[in-house]
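Please look over the sequence and the structure shown here before reading on. The notes after them are a short briefing, grouped by topic.

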Amino acid sequence: MPDILYRLADVSPLMVLDTGFGVHETVEHFGDRRCKLHFCGLLDALQSPPTLPPPAQKTGKIVDESVHQEKLLNAWRERFRSVLNFPNDTFFDLFLFWDSFNYMDDMALKAFFEVLHPHIRKKTLGHGLIQLKDDKQVTNREYGIQAQDQLVMRAGRHGSLVSYPRPQARVASLLKGFAVNHGVLRRDGLLEVSLKTE
Amino acid sequence: MFDRNKDKQQDKPETSAAPAVESGYSSSPRPAAGTSSGTSATLGATIKVKGDISGDENLLIEGQVEGTVNLASHELTVGKSGKVHANVNAKVIRIDGEVHGDITGKEKVFVSSTSNIKGNVVTPKMTLEEGARFKGTIDIDPGHANGGSPATPLKSGNTADRQGNTTSKPGNTNEKTS
């Protein structure tokens with residue numbers, strides 16, 4: 001995070017998308033500079049995943065699973081478009097994903113980044129926390145920026161969400177437009193990654 | 001960056017329901033910071049107004065307003081029982097209650113943990129009370145205090161939806177980041 005913020009120090013106005021909720025510390029941290037902070041509360045949109053009606057039973061028709069999957073992917077895209085409904089000319093310099101990757105399955109994560117992709121610039125940076133293994137202790141948290149090198153972490157309000165631990169490579173393959181610039185395994189087992197555009 | 005040993009956790013003292021806020025604010029409903037602008041008016045809890053409100057004094061809204069509120073040179077407080085479904089524009093704005101509309105504070109905006117906001121905020125200085133959670137856009141321009149016309153916030157399809165943090169916090173953790 002310090003490196004990310006350092007690299008964005010001269011950007012004005014700084015366009016930030018935080019996938020969580022705005023918390024005191026983050027607003028305070030950016031409060032001294034020209035910026036637009038958008039807090040989209042993404043996890044609210046994950047509380048009830050889109051579903052499709054089950055295929056008709058015993059109709060004798062062949063069920064094409066790929067069609068079903070494509071419909072579900074489209075449903076996710078629509079869901080995220082409603083959350084990230086920015087004008088076409090909106091571009092962000094910084095994405096604070098926090099641990100939101102971990103509450104989306106592969107399909108949802110793919111859809112999310114497809115919807116996000118039109119809003120990234122050449123030098124957009126991102127920050128995320130990837131859950132590598134199943135561990136309830138690292139879920140249901142809310143994050144903020146206390147200082148350039150310090151995050152603040154609180155218990156969250158989305159304990160009912162399912163988490164999807166995955167290896168870094170698999171997550172990275174779903175982040176359309178981004179590549180992992182650097183990562184470090186934290187003490188709590190989360191992999192903290194900085195992202196850059198590809 | 002990404003120092004493996006930096007992520008030492010430190011317990012942060014729990015914050016109370018009435019956290020430290022900027023000087024000039026208290027948790028009790030009253031006109032926003034400072035009363036240097038002179039007299040204040042109160043729109044009581046049983047009062048409902050449909051239309052535009054403007055004036056040259058501070059205003060505390062505890063009732064319901066639909067329309068617009070424009071106190072360009074004065075201070076607006078939306079009290080805990082206040083329900084304002086309007087775009088609001090004032091020099092200083094404190095929100096303890098409900099505002100559905102865009103909020104332009106020419107000097108500052110203070111959002112408390114009891115508030116409920118759907119709209120975007122444009123101001124040179126924004127303070128979100130500890131315990132508050134905010135969903136929406138905040139457009140901050142510290143160089144334009146006392147600025148003129150309201151800036152255009154980043155528009156989003158989903159309007160802001162702020163929810164006060166009324167549950168107890170099990171404790172915050174400050175964490176060095178890599």
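This is a predicted model: local features need pLDDT of at least 70, side-chain atom pairs count only at pLDDT 80 or more; totals for chains, interfaces and linings use all residues.

Residues are numbered from 1 along each chain as its sequence is written, while chains are lettered from A and ligands numbered from 1 in the order in which they are written. Helices (H or I, at least four residues) and strands (E, at least two) are DSSP runs, numbered from the N terminus. A residue is buried if 20 or more other C-beta atoms lie within 10 Å of its own, exposed if 12 or fewer, and partly exposed in between, with C-beta atoms placed from the backbone.

**Helix H4 of chain A**

- A:Trp76, A:Phe80 and A:Val83 are buried in H4(A).
- The buried residues of H4(A) fall within an arc of 45° seen down its axis, so they line one face of the helix; the arc is that of the directions from the helix axis to the C-beta atoms.
- A:Val67, A:Glu70, A:Glu78 and A:Ser82 are exposed on the other side of H4(A).
- Helix H3 (42–45) and helix H5 (106–116) of chain A are included in what covers the buried residues of H4(A).

**Strand S1 of chain A**

- Four of the five residues of strand S1 (residues 14–18) of chain A are buried.
- S1(A) runs parallel to strand S2 (residues 35–39) of chain A, joined by five bridges; two strands pair if DSSP finds at least two bridges between them.
- In this pairing, A:Leu17 stands opposite A:His38 in S2(A).
- S1(A) also runs parallel to strand S3 (residues 92–98) of chain A, joined by three bridges, and A:Asp18 stands opposite A:Leu96 in S3(A).

**Chain B**

- Chain B has zero helices and 13 strands.
- Of its 178 residues, 46% count as buried.

**The largest nonpolar core**

- A nonpolar core is a set of buried Ala, Val, Leu, Ile, Met, Phe, Trp, Tyr and Cys residues joined through C-beta atoms within 7 Å.
- The largest nonpolar core has 85 residues, and those touching the most other members include A:Val16, A:Phe112 and B:Leu76.
- Strand S6 (residues 83–95) of chain B gives the largest share of this core, seven residues.

Terms used:
Two residues are in contact if their C-beta atoms, placed from the backbone, lie within 7 Å.
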